[in-house]
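Biologist: Please take a close look at one part of this model, the aromatic rings. What sits over them, and how do they pair?

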Amino acid sequence: MSVNRRTTDWQRTPSLFLAIALFLTAISGCGPGEQSDLVQVNSVPVSLNITTPQSVTASSTPRNSFWATFQRWLSPTEAWAANLSDIVALVVEVTGPGIPSPIKVTEPITGATGGQSIPIVLDVPVGQDRVFTVSALNAANVRIFQGQSTRITLSPGEGATADIQIADIAIRITTTSLPGGTVGIAYSATGQAERVNGAVGWAIIQGQLPSGLTLNGSTGVIAGTPATVGTFNFTVRATDSSALFDDQELSIVIAAQLTITTTGLRSGTVGAGYSEPLQTAGAIGVVNWRLATGSIPLGLNISQAGVISGIPTTAGTSTFTVRATDTAGRTDDQNLSITINPSPTITTAQLPRGFVGSEYNVTEGGSGFQLEASGGVSPYTWSIVEGQLPPLLSFSSAGVISGTPRCSPNSNLRFETFSATYRVQDNNNVIGEKQLSLEIQCFFDPPG
């Protein structure tokens, strides 16, 4: 298929014939190095050398012609809107001094296929500053590929070279990723596109945005307050005033709010090692902790990893606020308090007297006798570390002396005293000790 346009008086005007053969190839077609028969033109030779981007490749050619291969080329960072099937016409233009209006020829193309060769012949007057432009048009009569040479001089009888770089000029979305968001926190991100003609309209053509977010069709801004946690995949389309468009797959990850889940801390004991970790939910990456307000008990500190530890030195209750910050810069505060108890102390002043043959302490209305303590952190654990109880009495870990006592064998004493050192240990393994004596009445005086 060819179109030849020549003036009837071309012999009277020095001119050059520019023979251009464009070799169109789809991805499935021939490679860029393949060629069909060249168009032979009896004229002063002109060579057009092509430098092309990724979306267009060129093969080496002899003089009098150039070959350009148009193909869709996708890479992880580029999405070309123009396809081989989008091309409906090729336009070659020549401009320069002495050329009142551009010399132009348009060649319609229907169903462009790989390997198709289309020769176009132009009459170009010789002279200085000649510029060659090659364009490929789509159905909207918009250039989707274009290349232009530098200014060159055409002289009768001499060859010339025009360097042309062909580029895809269709709209392209440059936004390839979107920032994550957090449930309940305002979100905003803007889609960007280049190579646009006029205003750009934006739309979601597949998938969906996170609940609570919307896309502004005029500005490309995705905004709102996310309401649901998850990863949301969708495809956005940008369309310019020429009806050219580009699609881009995107995703938004919505995380839960960063929340400190520790709402209370266990009590400590003066002199006892203390360690309590702080916990969060919904964190992104690493969480760093610090004391925001107040003060923690003397002897304790809070680490960046969120552990309150140390050996408290002073009894009392401390109230303070901790702050957690995750890798995404989100923060949360929590009011907490720690009570530090004094070391445990046995408060029982003395043990009641026991009687041989009678259950111990029944006169007090109970079965056995409970030792008392204060301070420390319950539960307490009791023991005897030195001395002994009267025979047949026992001392439980709950601090109860019970049983039916008797005196030592062969004892002829009316009263026998048994001394022992009693120990109380609190839940933080801090101990308190006290020596107490228990008197047993071995026998009664006979009636008088």
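Modeller: R237 lies over the face of F245, 4.0 Å from the ring centre. A charge counts as sitting over a ring if NZ of Lys or CZ of Arg is within 6 Å of the ring centre and within 35 degrees of the ring normal. This is a predicted model, in which local features need pLDDT of at least 70 and side-chain atom pairs pLDDT 80 or more, while totals for chains, interfaces and linings use all residues. Residues are numbered from 1 along each chain as its sequence is written, and side-chain values use heavy atoms, without hydrogens or water.

The ring of Y274 has the charged end of R266 over it, 4.4 Å from its centre. Strands (E, at least two residues) are DSSP runs, numbered from the N terminus. Buried means under 20% relative accessible area, exposed over 50%, and partly exposed in between, using a 1.4 Å probe and protein chains only. Strand β24 runs antiparallel to strand β28 (residues 307-310), and four bridges join them; two strands pair if DSSP finds at least two bridges between them. S275 has S309 as its bridge partner in β28.

Now the pairs of rings. Two aromatic rings are described by the distance of their centres and the angle of their planes. Rings of Phe, Tyr and Trp (its six-membered ring) pair if their centres lie within 6.5 Å; planes under 30 degrees apart are stacked, over 60 edge-to-face, and the rest tilted. Searching the whole structure gives two aromatic pairs. W382 and F395 are edge-to-face, with 6.4 Å centre to centre and 85° between the planes. W382 is in strand β35 (residues 381-387) and F395 in strand β36 (residues 393-395), so this pair ties together parts 13 residues apart in sequence. W382 is buried, with a relative accessible area of 6%, and F395 is buried as well, at 17%.

F395 also pairs with Y422: the ring centres are 5.1 Å apart and the planes are at 80°, so this pair is edge-to-face. Y422 lies in strand β38 (residues 415-425) and F395 in β36, so the pair ties together parts 27 residues apart in sequence. Like F395, Y422 is buried. W382, F395 and Y422 form one aromatic cluster.
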